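Please consult the sequence and the structure alongside the text.

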Amino acid sequence: AGATSSSKGGVGGAAQGGGVFTISETVLVHNCDIRNNTAQGGAGGLGINFLGGGDGGTGQGGGWYVASETGTFSSCELRHNAAHGGRGWSSGRGGAAHGGGVYIISERVKFSNCGIHYSQAQGGIGGTGGMGGMNAGEGGSAQGGGLYMTSDTGMFADCEIQYNTAQGGHGGNSGGAIPGNGGEGGAAKGG
């Protein structure tokens, strides 16, 4: 059989849990301090002749990535953590960023006496337009500067979640000998 090839660059790798990565049926955490961590998605790959670059990878859970059936967190501090989407390359889309402080997938989660502060979810920058009029990539979306959670039941008691930011990535610039359109900026939710 003949070999096939693609001129499009590969997708950047995902980054999960800059400080801690946890997959467990039950997670019980008390009196923890998670600071100054980053989950940075990888950059998209370069396409052949700068055509069709790859999308940036996703950054999830700058401080902590948690996947569990049940999670209980008490007396925990998460500060100055970040999730960054990777940069798109040559028309590739910027990677998404979810949960600068913590990213949680859980059926039931409970937070008590916890603080999530000064964390950021930053979408990746869209790739510059390719040669021959190829359009630039869209900026990556950002959701949950402090906390991104998918849960059937979530409960918070005596918690502070403040001074966090979710910022969509910038759209890429047009480029090449025959310029295409610049990319759109990414959406941001839940700063």
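The model is predicted: local features require pLDDT of at least 70, side-chain atom pairs count only at pLDDT 80 or more, and totals for chains, interfaces and linings use all residues. Residues are numbered from 1 along each chain as its sequence is written, and side-chain values use heavy atoms, with hydrogens and water left out.

The secondary structure of the chain consists of 17 strands and zero helices. Both kinds of element are DSSP runs numbered from the N terminus, helices being H or I with at least four residues and strands being E with at least two. Of the contacts (heavy atoms within 4.5 Å) between residues at least 6 apart in sequence, 81% connect residues at least 24 apart. Of the 191 residues in the chain, 45% are buried; buried means under 20% relative accessible area, exposed over 50%, and partly exposed in between, with a 1.4 Å probe and protein chains only.

Asn 31 lies in the loop between strand 2 (20–30) and strand 3 (33–35). Its phi is positive, near 60°, in a residue other than glycine. Asn 31 counts as exposed because its relative accessibility is 60%.

Tyr 118 is located in the loop between strand 11 (115–117) and strand 12 (120–122). Although Tyr 118 is not a glycine, its phi is positive, at about 50°. With a relative accessible area of 39%, Tyr 118 is partly exposed.
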